[in-house]
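Reader: I have the sequence and the coordinates open. Please take me through the fold, one question at a time.

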Amino acid sequence: MRLSALDDYLHAIKDMLVRGAPLIGVTAAFGLARALMDDASDAGLDTAVAALAATRPTAVNLFWALERVSQVVRPLALSARADAAHAEAVAIAEEDVAACRAIGEHGAALIEAAARDAKWPVNVLTHCNAGWLATVDWGTALAPIYVAAERGVAVHVWVDETRPRNQGAALTAFELGQQGIAHTVIVDNVGGHLMQHGLVQLVITGADRVTANGDAANKIGTYLKALAAKDNGVPFHVAAPLSTIDWRLSDGVREIAIEERDAREVTWMAGRTADGARAEVQVVAPGSPAANFAFDVTPARLITGFITEFGLAAPDELAGRWGPRVAARA
């Protein structure tokens, strides 16, 4: 799909043609630049920012990118705003590639350490999709896996299907297959069983918003994986760039807005028939209502550490090492 007008960008973000916190932010930045081509006035800027900000409530990169582009263009003459916004969007995209590669480098060290103690390939469990389809390139949670495989580490990935939209089964599995990395798709509730039997050495997920105290919002079902990991002594890591940290918040469970999406995503499933045609089928009893919470929050106490572009940190180290002023200088 070509995004050629602001409405295209709004549709792409809201209806998840693009998804993943970093890619949502990049898309919003380019959407704002496109809107300023039509109306570069202060009113036009404010209207476009408000429309883009209303598309998804949870992923903080959306708001971070809009604020960053707005701060660049607002002092400028109207005639210079669209070009400046586009240049800033390009910079955000390029920085995302570099940040995700760095996340991969730092996270790969964890997989390499696990490999030294293992007599089999390192089994990593991940949830949802946090690879190069959720960013500009490399990804967040999958970047350490890609870099470790690049270095010759034997790694196998347990891929949660990630209901209701099946981003794991459809997207993560696709990515890993394209990269030639061993993987197995599992239903969402198998992770705890695998951990009980020593079949998971690491859990690595992405995040859509992280609070200053280290709580992390991610795709619904992540919290349950963290509980199982804690119970079984399996390290649970969150991979995210600093742009995903919301330094204004300190209690993720109470302060992070959790998106509730259309119940149809739960009651119907999309897939391919035997002849390759795309189809939807109803999987819930007709007439039964459904709730569709898109994210949950994993408290910092359940998270072993964060993998960022600047290195590894425990949850209680985030603010001290990379608080807003430190992040701005970086």
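This is a predicted model: local features need pLDDT of at least 70, side-chain atom pairs count only at pLDDT 80 or more; totals for chains, interfaces and linings use all residues.

Reader: Which residue in E4 stands opposite Val124?

Author: E1 and strand E4 (residues 202-205) run parallel and are joined by two bridges. Strands of a sheet pair through backbone hydrogen bonds, either parallel or antiparallel. Opposite Val124, the residue in E4 is Leu202.

Reader: Is Ile103 buried or exposed?

Author: Ile103 lies in helix H5 (residues 78-117). Leaving aside neighbours within four places in sequence, Ile103 is in contact with Thr140, Pro144, Ala239, Ala240, Pro241, Ile307, Thr308 and Glu309. The relative accessibility of Ile103 is 0%, and the cut-off for the class is under 20%. Ile103 therefore counts as buried.

Reader: How far apart are the C-alpha atoms of Ile103 and Gly152?

Author: Along the chain, Ile103 and Gly152 are 49 residues apart.

Reader: Where is the cis peptide bond from Arg163 to Pro164?

Author: The bond from Arg163 to Pro164 has omega near 10°, which makes it cis. Pro164 is found in the loop between strand E2 (155-160) and helix H7 (167-179).

Reader: Is Asn166 buried or exposed?

Author: Asn166 also has its place in the loop between E2 and H7. Its phi is near 60°, a positive value in a residue other than glycine. With a relative accessible area of 12%, against a cut-off of under 20%, Asn166 is buried.

Reader: Where is Trp138, with its positive phi?

Author: Trp138 is not a glycine, yet its phi is positive, at about 75°. The place of Trp138 is in the loop between strand E1 (122-126) and helix H6 (143-150).

Reader: What is the order of the open sheet of four strands?

Author: The pairing in the four-stranded sheet is mixed. Its edge strands are E8 (245-246) and E11 (295-298), each pairing on one side only. The order is E8-E5-E6-E11.

Reader: Which residue in E6 stands opposite Val210?

Author: Strand E5 (residues 209-211) pairs with strand E6 (residues 216-219) in the antiparallel sense, over two bridges. Opposite Val210 stands Ala216.

Reader: Which helix lies across E6 and E11?

Author: The helix in question runs at about 30° to E11. It spans residues 222-232 and is H9.

Reader: Which residue in the turn of the E9 and E10 hairpin has a positive phi?

Author: Strand E9 (residues 268-272) and strand E10 (residues 278-282) run antiparallel and are joined by five bridges. Met269 stands opposite Val281 in E10. Five residues lie between the two strands of the hairpin. The one in the turn with a positive phi, about 90°, is Gly276.

Reader: What is the volume of the largest cavity?

Author: The count comes to one cavity of 30 Å³ or more. The volume of the largest cavity is about 240 Å³.

Reader: Which element gives the largest share of the lining of the largest cavity?

Author: The lining has 26 residues, and Gly20, Ala21, Cys128, Asn129 and Asp208 lie nearest the centre. The elements that give two or more residues are helix H2 (21-38) and E6. By class, the lining has 13 nonpolar, nine polar and four charged residues. The largest share, three residues, comes from H2.

How values were computed: Residues are numbered from 1 along each chain as its sequence is written. Side-chain values use heavy atoms; hydrogens and water are left out. Two strands pair if DSSP finds at least two bridges between them. Contact means heavy atoms within 4.5 Å. Axes are lines fitted to C-alpha atoms, for helices over the stretch in contact, and angles run from 0 to 180 degrees between N-to-C directions. Buried means under 20% relative accessible area, exposed over 50%, partly exposed in between (1.4 Å probe, protein chains only). On a 1 Å grid over the protein atoms alone, a cavity is a set of points where a 1.4 Å probe fits but cannot get out, and a pocket is an open set with protein on both sides within 12 Å along at least five of seven lines; lining residues have an atom within 4 Å of a point. Grid points are joined across faces, edges and corners, and a volume is the space filled by probe spheres set on the points. Ala, Val, Leu, Ile, Met, Phe, Trp, Tyr, Cys and Pro count as nonpolar, Asp, Glu, Lys and Arg as charged, and the others, Gly among them, as polar.
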